Amino acid sequence: MVQDFNIPPYFEWLPGALSTYLITLGFLALTGLILSFLISAVRNGPMKAGDRIYKVVVSAGVDLARFSPKRVFALARLAVQESVRRRVWVALVVFGVILLFAGWFLEPSGDQADRLSNSDPGKLYINFVLTGTTFLVMLLALFLSAFSLPTDIKNHTIYTIVTKPVRTGEIVLGRILGFTVIGTVMLAVMGAASYLFVGRMLDHTHELTAADLREIPPDPGMPMGGKEGRTALSHNHFHEVTLDAQGNGVTDVRQGHFHRVHAETKDGQTRYIVGPPEDQLVARVPIPVEKKEDFRFLDRSGVQGPGINIGKEWAYRKFLDGGSPMAAIWTFSGITKERFAKGLPLEMNLRVFRTYKGEIADEKKGNRTVGILGSIRLQNPDQPRLKSIGTPFTAKDQVIDKHFIPPVLDREVDGQYKPVGLFKDSIVGAPASESLVTDDGRVDVVLQCLSPSQYLGVANADVYLKLQDGSFAWNFCKGYVSIWLQMLLVIGFGVMFSTFLGGPIAMLATAAMGMLGFFTEDVGNLFRAVIRGETKLFPGGGPLESMIRIAGQNTITLDLEKSLGVRVVQAIDAGIMVFMKAAVDLVPSFKDFDNIRYIADGFDIPAVRLLEQATVGFGFILALFLVGHLFLRMREVAN
């Protein structure tokens, strides 16, 4: 899981984004006018070309000045009626059939290994419905928007519209608005069906009888009464359960959830009731570290240094060597007693790397498999020696692991344990200087791996404080808002291309923009490697160099021999990458609109992220509308 919690505030992000947008828009407008003039000059001569370009620009401006919302809504209504006549509702039928039979293929298997695994079917179902909805809606938007205007022009039905007092800009905006309305209705139906599907697939309980339980041997001098056991199999998994003397307790966490258990006694018979799954459909609101430098490593000697690379190509996480002073430190800010009077709810998502597997002998635990051990401690950032003793835990691989840090901890002073508080007044009579949280609300969380020859992998966003749980239903709706923005972009590109291209070509051009939008980040990384020489982060070279490496079976980590041919190829690659980078800079990054991972991983989508996505989306729609309006106006003037 990779999460980006550190999103810049909206009004800090807006000025830079707005200036880039205006510069790009102005450059495109100037380039378009120059190219249009050159093409028209070749065909009609420079004088006639200048006159035609002047007429197009002036008439386009007049059209925008005489814009009529009433006519736009009328044209949008026609676009909706046209979509209904084309039986767009068939997409809902297809989506319903997919959901109807999806459970057959998405149901976790009944293998013993899967029953004991920490796999979360909730992530599977959420990823499935959101990804399926995204591609289905985008395909629908692609076909509707790309073929609409070319079909009307081919069938001459467009002439019944342009002969009326309707502006070309109103035609373009009316199409965009109409297709957006029909897409929004269908997206709302798909969203409601998806939410019901996910809830139905995850809703379950387990049976627990007295025969499934056994007495827990009490500690010396303690009364008996506690029980432990295992629930019956349901949804291809079971839970271990521990109950107190009154028959109340909770199960362990399996497949991303747990159940509460309580006992009911009637007519001398005791029944154990297992409640519904909890902590499965959530929207956590995390508090991450604020700055990049607030996350750092201590090396094997205990001084600040880099983490360990265990040989994975993807270097997002660095690893901690077990049984050594090596540690990862997160410095959290904004920690006040008003917000965390009861303690700190700490959550982690770690990676575990074993150098050997199998059972690790432990006499106290009956030689059962013991996991990789780690420890968590807190320390004062201004007084590193003021620290709590480490709290041991068993690491869970790729699973949200929850820990609660109480307001009073223990620390070691001269070989003795003494209490230390998170805040100044956590302990009555304690010196004001002896608190783990500084006066300005900062505290260090230190993580170490305790198992020798084993490793724990961590990244900046892997450890955070949970502020609260948001509404999953509302978070699910916010996820569909991001899908709606992607649909709107596809409609904008489709309508824009359809103003000057035929239906099939407009569809291909729109699809190409969508595909390119999913690889803008990759093209940017390749540009940095080829142009700026950042080959350590992105090795392999440009397109032609990569082909040479494949043909010669050369590894990407070694430089090619600096011959004349290789230098020529690298120079050509540089030119290709400049062109590709310029192209992707004009295309919206569809990955930046993807909020599926937030919902599937159980995190609340930040409102600022959604606001920034909406600003970018509507900015592109404005640009696409203006370009489409100019092209359609140019076509009308030419005719």
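**Close-up 1. Asn349, a buried loop residue.** Asn349 has a relative accessibility of 5%, so this residue counts as buried in the predicted model. The cut-off for buried is under 20% relative accessible area. Asn349 sits in a loop. Strand β12 (344-348) lies on one side of that loop and β13 (351-354) on the other. The side chain of Asn349 has a polar atom 3.4 Å from the backbone nitrogen of Val399.

**Close-up 2. Packing of helices α12 and α13.** Two packed helices are described by the angle between their axes and the distance between the axes. Here, helix α12 spans residues 543-552 and helix α13 spans residues 564-584. Their axes are 7 Å apart, and the packing angle is about 135 degrees. Helix α12 is therefore oblique to α13. From α12, the contact draws on Pro543, Leu544, Glu545 and Ile548. From α13, Val569, Gln570, Ile572, Asp573, Ile576 and Met577 take part. By class, the residues of this contact are seven nonpolar, one polar and two charged.

Close-up 3. Helix α15 covers residues 607-638 and includes Leu622. Is Leu622 buried, exposed or partly exposed? Its relative accessible area is 43%, so Leu622 is partly exposed. That class lies between the cut-offs of under 20% for buried and over 50% for exposed. Leu622 and Leu173 are 449 residues apart in sequence. In space, their C-alpha atoms are 9.7 Å apart.

How values were computed. Residues are numbered from 1 along each chain as its sequence is written. This is a predicted model: local features need pLDDT of at least 70, side-chain atom pairs count only at pLDDT 80 or more; totals for chains, interfaces and linings use all residues. Side-chain values use heavy atoms; hydrogens and water are left out. Axes are lines fitted to C-alpha atoms, for helices over the stretch in contact, and angles run from 0 to 180 degrees between N-to-C directions. Helices (H or I, at least four residues) and strands (E, at least two) are DSSP runs, numbered from the N terminus. Angles under 35 degrees count as roughly parallel, over 145 as roughly antiparallel, 65 to 115 as roughly perpendicular and the rest as oblique. Contact means heavy atoms within 4.5 Å. Ala, Val, Leu, Ile, Met, Phe, Trp, Tyr, Cys and Pro count as nonpolar, Asp, Glu, Lys and Arg as charged, and the others, Gly among them, as polar. Buried means under 20% relative accessible area, exposed over 50%, partly exposed in between (1.4 Å probe, protein chains only). A polar contact is a pair of N or O atoms within 3.5 Å; within protein, one must be able to donate a hydrogen and the other to accept it, and residues adjacent in sequence count only if both atoms are side-chain atoms.
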